Amino acid sequence: MLDNFPRGTICIEDIEIGMTRSLRKEVTDRDIELFAEVSTDRNPVHLDESYAQDTIFEGRIAHGMLTAGLISAVIGEQLPGHGTVYLGQSLKFLAPVRPGDVVLAEVEVTAIDHSKRRVSLDTRCMIGNKKVLIGEATVLAPSRKFD
């Protein structure tokens, strides 16, 4: 995993509209197998190449929520980071992620409500220049006043 910023916490007092953070990760067979085990989603489109060849994907794909989990990693580790509470997330899956793909997960601050400690974020995952996931997240950010 290659983060573009160190892990930690950015308190709401220091967050600005337009701030971005990201991480880059290669999705491996092991990631897919572990996600299947933890989630109990053993759909053969994720685990069985011969089965997956006969689907619209023409091969195995990663779980969509595994890809979405990379967004969670950026939010929970970088922006806002440690102490953040997820309040909501919308997701739209645009293209499959396959074993071996390198995914760039990015978040960008679009709105801040200081009185409620709420931060709105555009979220996206890309493989190269191709968007594979887009969405929006709302989080409760940590504050120096309360944490």
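Questions on a predicted model

Me: In this predicted model, which residues make a nonpolar surface patch of about 270 Å²?
Reply: One member to begin with is Phe93, which is found in strand β3 and, at 44% relative accessibility, counts as partly exposed. The nonpolar surface patch, with an area of about 270 Å², is made by Met65, Leu91 and Phe93.

Me: Which face of helix α1 do its buried residues line, and within what arc do they fall?
Reply: Helix α1 spans residues 29–39, and its buried residues are Asp31, Ile32 and Ala36. Seen down the axis of α1, these buried residues line one face of the helix, because they fall within an arc of 135 degrees.

Me: Which exposed residues does α1 carry on the face turned away from its buried side?
Reply: The buried side of α1 has cover that includes β2 (20–26), α2 and α4. On the face turned away from that buried side, α1 carries the exposed residues Arg30, Glu37 and Val38.

Me: Is His46 buried or exposed?
Reply: His46 has its place in helix α2, which is made of residues 44–47. Leaving aside residues up to four places away in sequence, His46 touches Ile32, Asp41, Arg60, Ile61, Ala62 and His63. The relative accessible area of His46 is 7%, and since the cut-off for a buried residue is under 20%, His46 counts as buried.

Me: Glu58 has a positive phi near 55 degrees; is this residue buried or exposed?
Reply: Glu58, a residue other than glycine with this positive phi, is found in the loop between α3 (49–53) and α4. Its relative accessible area is 59%, and because the cut-off for exposed is over 50%, Glu58 is exposed.

Me: Arg117 also has a positive phi, of about 60 degrees; is Arg117 buried or exposed?
Reply: Arg117, which is not a glycine, lies in the loop between β4 (102–113) and β5 (118–127). With a relative accessible area of 16%, and because buried means under 20%, Arg117 is buried.

Note on methods:
Residues numbered from 1 in each chain as written. Predicted model: local features only at pLDDT ≥ 70, side-chain atom pairs only at ≥ 80, totals over all residues. Heavy atoms only, no water. Helix = DSSP H or I, 4+ residues; strand = E, 2+ residues; numbered from the N terminus. Buried < 20%, exposed > 50% of the residue type's maximum accessible area, 1.4 Å probe, protein only. Contact = heavy atoms within 4.5 Å. Patch = residues over 30% accessible without salt bridge, like charges linked within 9 Å, V, L, I, M, F, W, Y side chains within 5 Å. Areas by Shrake-Rupley, 256 points an atom, 1.4 Å probe, with all protein chains shown as cover. Salt bridge = Lys/Arg side-chain N within 4 Å of Asp/Glu carboxyl O. Arc of directions from axis to C-beta.
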